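Thank you all for coming; I would like to take a few minutes to walk through one model with you. Please have the sequence and the structure in view while I talk.

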Amino acid sequence: MTISKRKREHVDIALNRDVAFRNKTSGFEAWDFVHCALPETAFDAVDTRVEFLGRGLSFPFMVSAMTGGFRGAADINRRLAEVCQAEKIALGVGSQRQAFENGRHLETFRVVRRLAPDIPVVGNIGASEIVRLTDFSPVERMVELVAADAMAVHLNPLQELLQPEGNRDFSGVLAAIGRLAAGLSVPLIVKEVGCGVSADTARRLVEAGVSWIDVAGAGGTSWTGIESHRGGGRGRMAGVFWDWGIPTAESIRMVRSVPGAAVIASGGIRNGLEAAKAVALGAELCGAAMPVLKSLDAGPGGLVRLVSEWRDQFRAVLYLTGSRACADLRRPGVLRRTKAEAP
Ligand SMILES: Cc1cc2nc3c(=O)[nH]c(=O)nc-3n(C[C@H](O)[C@H](O)[C@H](O)COP(=O)(O)O)c2cc1C
């Protein structure tokens, strides 16, 4: 199976099959904002803007890594780049592994920076790839390919375990991440793909020199789901591990507790209210993959509509909690726990 074919299958399955977690949520329902009946500001005066990687965003949101490296990916990435540039949100490209191996689909990545000159763009590569490298010049080439402001390394041990062609040995990954963090020309982001990051993992990453951690927690897209629809899933493994992982809300709190870790929250964030809860729980920025892909697929204007709805909902939370700017969401007493997080 070529990497291009696999990347195309991931998009097809994500769009056409049910791959959501089944009996586990991202955990945001356990939290509620404390309503402020006296906001003492105007809705339009609320400032949702933040800076990320030295560039301005209209609100703390990024399109999570999805695709590149097959023919249809050029069109997806072109449309993502156009909307992200117009709406001033960040964009993570999908795994650039295919571009490591041959030059056939470089345009599917190049198109992003060409159409989105002003926003933060994040490159992407898997832990399994970097562990094999003896020097990091191929990763620098991936940075150059999208003129990335940061490079994300994805940790996906469960996905690899379930893939028929997957890598079942994660030895040496932390040391490779440490070397990359020290040597790369841009900041490193370490992300999961839907199973979350624990406090202990975050601590080891920070000690290795990483500061940005995207929790990509459980409760949204299940990669066990995607891989089992690809015919992998190693038989009965898939059913048992469909809901594996740390719910996103819990993972944010775990990673935030580690000094030196800056949190990006993703995994099952499905509206602007949940994005605001993620920020209130300690994230600097939120991300989503599946809803973005589906809105893009829904036709012209779908993604612009999604982004402006989420931004309006996010702004409404600031207004209705008496917050004037994003950081105000983190002041004490804004968010309260209403029930134990879902199992
Ligand atoms: C079609 C698709 C392809 C993805 N490809 C990648 C990838 O190449 N690299 C990566 O780090 N994450 C990848 N992801 C994972 C997302 O970045 C994200 O972490 C995960 O889907 C959880 O977010 P969600 O619940 O909003 O979908 C992909 C997700 C989807 C839906």
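This is a predicted model: local features need pLDDT of at least 70, side-chain atom pairs count only at pLDDT 80 or more; totals for chains, interfaces and linings use all residues.

Let me begin at Arg97, which, once its neighbours within four places in sequence are left aside, is in contact with Ile3, Arg6, Ile125, Glu129 and Arg132. Arg97 belongs to helix 3, and although Arg97 and Ile125 are 28 residues apart along the chain, their C-alpha atoms are separated by 6.1 Å.

With that contact in mind, let us step back to the whole chain. The protein has 15 helices and 12 strands, and of the contacts with a separation of 6 or more, 79% are accounted for by residues 24 or more positions apart. For a compact globule of 343 residues one would look for a radius of gyration near 20 Å, and the 19 Å of this protein agrees with that. Taken along the principal axes, the box filled by the C-alpha atoms is roughly 60 × 40 × 40 Å. Of the 343 residues, 57% count as buried, while the accessible surface comes to about 13,900 Å², with 52% of that belonging to carbon and sulfur atoms. As for charge, there are 42 positive and 37 negative side chains, and the centres of these two sets lie 3 Å apart.

Now to helix 4, residues 107-115, and a question about it: which elements cover the buried residues of helix 4? The buried residues in that helix are Thr108, Phe109, Val111, Val112 and Arg113, and what covers them includes strand 3, helix 2, strand 5, helix 3, strand 6 and helix 6. Helix 3, you will recall, is where Arg97 is found.

Helix 2, another part of that cover, runs over residues 73-87 and holds Gln85. Is Gln85 buried or exposed? Its relative accessible area is 15%, which is under the 20% cut-off, so Gln85 counts as buried. Not counting residues up to four places away in sequence, Gln85 touches Leu115, Ala116, Pro117, Asp118 and Ile119.

Leu53, in the loop between strand 2 and strand 3, has a positive phi of about 55 degrees although it is not a glycine. Ala216, which is not a glycine either, has a positive phi of about 35 degrees, and its place is in the loop between strand 9 and helix 10.

Finally, the aromatic side chains. The structure holds 6 aromatic pairs. In one of them, Phe241 and Trp244, the ring centres are 5.3 Å apart and the planes stand at 55 degrees, so the pair is tilted. Phe241 itself is partly exposed, with a relative accessible area of 23%.

How values were computed:
Residues are numbered from 1 along each chain as its sequence is written. Side-chain values use heavy atoms; hydrogens and water are left out. Helices (H or I, at least four residues) and strands (E, at least two) are DSSP runs, numbered from the N terminus. The radius of gyration is taken over C-alpha atoms; the globule rule is 2.2 Å times the number of residues to the power 0.38. Buried means under 20% relative accessible area, exposed over 50%, partly exposed in between (1.4 Å probe, protein chains only). Contact means heavy atoms within 4.5 Å. Accessible areas come from the Shrake-Rupley method with a 1.4 Å probe; for residues, only the protein chains shown count as cover. Lys and Arg count as positive and Asp and Glu as negative; His and the chain ends are not counted. The place of a charge is taken as NZ of Lys, CZ of Arg, CG of Asp or CD of Glu. Rings of Phe, Tyr and Trp (its six-membered ring) pair if their centres lie within 6.5 Å; planes under 30 degrees apart count as stacked, over 60 as edge-to-face and the rest as tilted.
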